[in-house]
Amino acid sequence: VLLVLLIYFVVWPFLLSRFFTARFYQGDDRLESWSGRVVVCYDEEKDQPMYQGVLEEGLLQGRGEEYDQEGLLVYQGEFSGGVRSGEGRLYENGILVYEGEFAGGAANGTGTAYRGGAKCYQGSFADGLYEGEGVAYHPNGARAYTGTFVQGLYEGEGTQYGQDGQMCYKGSFSQGLYEGSGTVYLPGGDQIRAEFSAGTPSGTIQWYKDGRLWYD
């Protein structure tokens with residue numbers, strides 16, 4: 001009896017945690033201190049994975065995966081102390097929406113965002129938002145904007161492009177709108193240089209045609 005108890009409560013858990021992948025229901029009390037490879041499930045039947053990876057004292061470490069209750073992949077990448085940290089990929093409804101660096105559980109650092117399967121932004125992130133230098137893209141893959149972002153919006157100096165790849169504005173932005181000095185590039189080649197406020201010219205403008213001042 002003692003030998004059976006020893007095997008069941010000591011030897012088998014040791015072997016399971018070191019050499020096998022243990023499968024748990026999310027409400028299992030043993031998860032709080034478990035170390036080793038695991039698949040943790042939403043349901044008591046242990047058929048519907050919630051996350052899988054390596055636990056150290058109950059916390060995910062290294063590479064792992066998270067799933068929603070429909071069985072679709074939510075996150076695939078690195079963990080530290082139980083939170084997303086390092087290189088990883090984020091999914092919504094099974095579709096990739098971000099790949100790059102994570103810290104503190106959110107997109108932080110350099111990465112690429114996707115919308116509808118197409119790349120929509122590449123550059124710096126802070127707490128899941130576009131922050132710092134980056135490039136935004138139109139759905140057809142053409143550049144939409146290159147420059148600085150703050151909390152997901154165009155901010156500071158940047159250049160905006162149309163879906164045909166032609167430059168349409170270069171200058172200052174604030175909260176996603178033209179603000180301060182800038183130049184609008186018209187389809188026919190004309191240029192309008194002006195001071196802008198909340199996206200519209202404010203005050204004097206200079207309109208150039210064929211490189212020459214046409215209106216002031």
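This is a tour of one protein model, from the whole chain down to single residues.

The model is predicted, so local features need pLDDT of at least 70 and side-chain atom pairs count only at pLDDT 80 or more, while totals for chains, interfaces and linings use all residues. Residues are numbered from 1 along each chain as its sequence is written, and side-chain values use heavy atoms, with hydrogens and water left out.

**Whole chain**

Start with everything shown as a C-alpha trace. Along its principal axes the trace spans about 100 × 25 × 20 Å. The radius of gyration is 26 Å, whereas a compact globule of 216 residues would have one near 17 Å. This radius is taken over C-alpha atoms, and the globule rule is 2.2 Å times the number of residues to the power 0.38.

Switch to a cartoon view. The protein has one helix and 17 strands; these are DSSP runs numbered from the N terminus, helices being H or I with at least four residues and strands E with at least two.

Next, look at contacts, meaning heavy atoms within 4.5 Å. Of the contacts with a separation of 6 or more, 5% are accounted for by residues 24 or more positions apart.

Now colour by accessibility. Buried means under 20% relative accessible area, exposed over 50%, and partly exposed in between (1.4 Å probe, protein chains only). Of the 216 residues, 34% count as buried.

**Loops**

Select N93, in the loop between β6 (83-92) and β7 (95-103). N93 counts as exposed because its relative accessibility is 67%.

Move to Q151, in the loop between β11 (143-150) and β12 (153-161). Q151 is not a glycine, yet has a positive phi of about 50 degrees. With 59% relative accessibility, Q151 is exposed.

Then select D210, between β16 (200-209) and β17 (212-215) in a loop. D210, also not a glycine, has a positive phi of about 55 degrees. Its relative accessibility is 77%, so D210 counts as exposed.

**Cysteines**

How many disulfides are there? A disulfide is a pair of cysteine sulfur atoms within 2.5 Å, and by this rule the count is zero. Select C168: the nearest cysteine sulfur, that of C120, is 18 Å away, and C168 is in no disulfide. C168 counts as partly exposed, at 22% relative accessibility. Finish at C41, which is buried, with a relative accessible area of 0%.
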